[in-house]
Every structure is written in structure tokens, then in C-alpha cells.
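Please examine the sequence and the three-dimensional structure shown below. The paragraphs that follow lead from the overall fold to individual residues.

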Amino acid sequence: MLTDEAKRMRTTRNDRTSHERAGPVANLMNTQYSPGRAQAIAYANVALVKYWGKRDADLNLPDVGSISIALDALWTRTRMELDPALERDSFELDGQIEAHGSGRVTALLTRMRAIGGSEIRSRVFSQNNFPTGAGLASSASGFAALVTAADRAYGLGLSLSRLSELARIGSGSAARSIFGGYVEMHRGELPDGSDSVAVPLAAAADWPLAVVIAISERGRKSVGSTEGMQRTAQTSPFYSAWVNNQPDDLALARTAIATRDFDALAHVSEASALALHGLAMSARPGLLYFNATTMECLHRIRHLRGRGVAVFFTVDAGPQVKAICAPEAADTVAAALKDVPGVTEILRAGLGGGAVGMDDGQTWT
Ligand code: PMV
């Protein structure tokens, strides 16, 4: 028998919009479902108006909404095989059996199995083309790819909104990676989280910005975002001010995106990133995600903008700096950041599409 959640989740795919599936593998979207085996690709995203803080830790319900862009060059590909002989799910990441994070994978698959009324366990193989757990949103693309592949492997046919809701349970930012281009994640009000989902704001092609990422440390971050958020909410004297200010920043960013106003988007995005890190530093003990190279990169980006280059920065829960810029400024920005002592690698991206599922055996384009 289907649970209430299962009935709610088993809605039709009537909430797609034309630009939700844009992306390099969009031509595969019309393939037939074949329950049992499936694969999916999802892109990392970077928040311009940041999410930090949960109102419910179990369901990953955010205390604030957020706005992000999808990155076409940073992706997770996930393949799934259902096997009735398996006693438990197995999860391989980049060719290695993953202990870190496998509990969250199993919990999510258990929830999705309940929706479909299946008890069959699966083998999950995931591959990231970028460093895992280093503040580059690997959990976002990872959980978006997982729910998209599982939806197909278990033959659920869930709506994109429901997939966003499920991805959120894996990782808050993953809810946004179901969609491409510019995406808003709603805080939501309901205790069951059904309105804490992402929605697309604009397609990548509507305003094709570029992103240059300066990597200065490839290891996993010292304090994960879940623990960092919890500590901040419990100990920072400024947490309620952060939560109360968020609707204003979301409105500014929404308008900037709708009107393609680069300067307005630059101001609100930098303000949100700096507010997040100021807030995190005000936790007790304070969270320090920046290293010296991070700080130097931020100064370089401000300096470039002062010289008229269309660029602004954002930083997540790690030291890497993401410079968002006009496509014609990307070479200048990449050269300036490469020159910063301590920058070991530069990644470049355009804006990406939404998560795409396809049958096993098909090849990626
Ligand atoms: O969803 P999580 O747990 O990876 O948290 C994401 C937090 C930030 O990356 C710092 C901000 C954001 O909105 O992505």
C-alpha cells in the first residue's frame, strides 16, 4: 500500500518548463523508462544568494531561501543497477566504495523505494569530474544525479518538483541542481517540506555568464556544511539578523536576474557571500573557511571590477573562490587569479542545464 507521502510524490510530470532540461545531454530526455538500470547526470551549482541554516535537520529544511546558477563544467554522473540478490545498497564514488556519505544515499533510496513500493536494493556508481567535499558543491550534483537515476531505475516518474524535494533531503543545495540556469530555492513553510523546493528563474541561454574557479586546496573541508550551519544557528549572536535579511537579498537578486543587471547582481552576491562568512566566523568556535589565498583572490576580483571588468566573487564552505563574469572577461579573470600565490588550479565553466536521466547503456554526448 502506498503511504501518504508516496501518493503525494506519485504525481504527473506536469511541472516541467521548456528550459528546465536545457544542457549538453538534453537530446536524451525523451528516452523511455526501463526500470532496473538507469543513469543520470547533474551539474554542480553555486549560490549567489547563500543558504546557511536549517529549520529541520532531518528533512534538510532551510531557514532561508537561496538563488544559484548551474555550472556546465562540474558534473556528477551516476549509474544504478537494481539487484534482488543484494541485502544492502552499495555506493561507489570515483571507483572507491564510499563509507563517507553512504548513509545519506541509503536513506534517500529507502525513501524512494517506499514511494514505488519496491524493496530491491541497488548498486550505485558515481563519478565526479571535480574534487569532492572541497566547497565545490559535489553533494549538490551528487544527490541531484542520484534521485534522477533512482527515479528512472525504480520507474517512479516523479515530477521535477518532487525530485527537487527528494534531492534536498540528501543535501539542501542539491534541490537546486535538478534545474538548469538560474534557480531559486524556496525556504517553504510546511513542516513536511513539500514547499521547500527549487524553481527555475531563467535559462542559462537567457543570460550566459561565465564562472572562473580558483582552487587553492583540494582536500575535504574541515567542518562540513551541516555541522557548520548547526553551530552557527546555535551560537552566533547574528543568526536571526541573517535570516531576517534574506528576503531582501532574494528580491534584489531576482530583479537583477530578470533585468540582466550585472552590477546589481554583483553587489547582492558579494554581500551575501561576505555575510555568510562573517556569520560563520561569528559562531563559537568561529568557522574559518577562507585561507590566505582566498582573501587575496577576493582583493584581485575587487581590483578588476574597479578597473571596469565585469566580475564579482562568491565563496562557499571551503577556500575556493568562484568568480562570476561576463564571458568576454573570462580570460582576463582567469589570468589574474592564476597569478595569485597559492592558486594551484583554475577551472572554467559556463552555465549548465538541469539534471538529465537516461537508460543504462546509452552514451553521454
Ligand atoms: O547543501 P549543503 O549542505 O552542501 O550546503 C550548502 C551551503 C553553501 O554552499 C555554503 C551555500 C549554498 O547555498 O550553496
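What share of the contacts in the protein with a separation of 6 or more comes from residues 24 or more positions apart? Such residues account for 76% of those contacts, where a contact requires that the C-beta atoms of two residues, placed from the backbone, lie within 7 Å. The model is a predicted one, in which local features need pLDDT of at least 70 and side-chain atom pairs count only at pLDDT 80 or more, whereas totals for chains, interfaces and linings use all residues. Residue numbers start from 1 along each chain as its sequence is written.

The protein contains nine helices and 14 strands; these are DSSP runs numbered from the N terminus, with helices (H or I) of at least four residues and strands (E) of at least two. Of the 365 residues in the protein, 52% are buried. A residue is termed buried if 20 or more other C-beta atoms lie within 10 Å of its own, exposed if 12 or fewer do, and partly exposed in between, with C-beta atoms placed from the backbone.

The ligand comes next. It is surrounded by 13 residues, of which the closest are Ala47, Tyr51, Gly172, Ser173 and Ser225; a residue belongs to these surroundings if its C-beta atom, placed from the backbone, lies within 6 Å of the molecule. By class, the shell has four nonpolar, seven polar and two charged residues. In this classification Ala, Val, Leu, Ile, Met, Phe, Trp, Tyr, Cys and Pro are nonpolar, Asp, Glu, Lys and Arg are charged, and the others, Gly among them, are polar. The ligand lies between domain 1 (4-203) and domain 2 (210-349), because both domains give residues to the shell around it. The domain bounds come from an automatic or database domain assignment.

Two packed helices are described by the angle between their axes and the distance between the axes. For helix α2 (residues 102-116) and helix α3 (residues 138-153), the axes come within 11 Å and cross at roughly 35°. Each axis is a line fitted to C-alpha atoms over the stretch in contact, and angles run from 0 to 180 degrees between N-to-C directions. The crossing of α2 and α3 is right-handed, that is, the near helix is turned clockwise from the far one by less than a right angle. On the α2 side, Val105, Leu108, Leu109 and Met112 take part, and they meet Leu146, Val147 and Ala150 of α3. By class, this contact has seven nonpolar residues, no polar residues and no charged residues.

Individual residues of both helices extend this picture. Val105, in helix α2, is buried because 23 other C-beta atoms lie within 10 Å. Leaving aside residues up to four places away in sequence, Val105 touches Asp89, Phe91, Val124 and Leu146. Its C-alpha atom is 7.7 Å from that of Phe91, a residue 14 positions away in sequence. In helix α3, Arg152 counts as buried, since it has 26 C-beta neighbours inside 10 Å. The C-alpha atoms of Arg152 and Ala38 are separated by 6.0 Å, although the two residues are 114 residues apart along the chain.

Attention now turns to the strands. Ile41 is placed in strand β1 (residues 37-49) and counts as buried, with 27 C-beta neighbours inside 10 Å. From C-alpha to C-alpha, Ile41 is 6.4 Å from Thr78, 37 residues apart in sequence, and 9.6 Å from Gln127, 86 residues apart in sequence. Gln127 belongs to strand β7 (residues 122-128) and is partly exposed, with 16 C-beta neighbours inside 10 Å. Beyond residues up to four places away in sequence, Gln127 touches Thr76, Arg77 and Asp94.

Asp94 lies in the loop between β5 (90-93) and β6 (96-97) and is partly exposed, with 13 other C-beta atoms within 10 Å. Asn60, likewise not a glycine, has a positive phi of about 55°. Its loop runs between β2 (54-56) and β3 (61-62), and Asn60 is buried, with 25 C-beta neighbours inside 10 Å. Finally, the peptide bond from Arg284 to Pro285 is cis, with omega near -5°; Pro285 is in the loop between α7 (262-281) and α8 (292-306).
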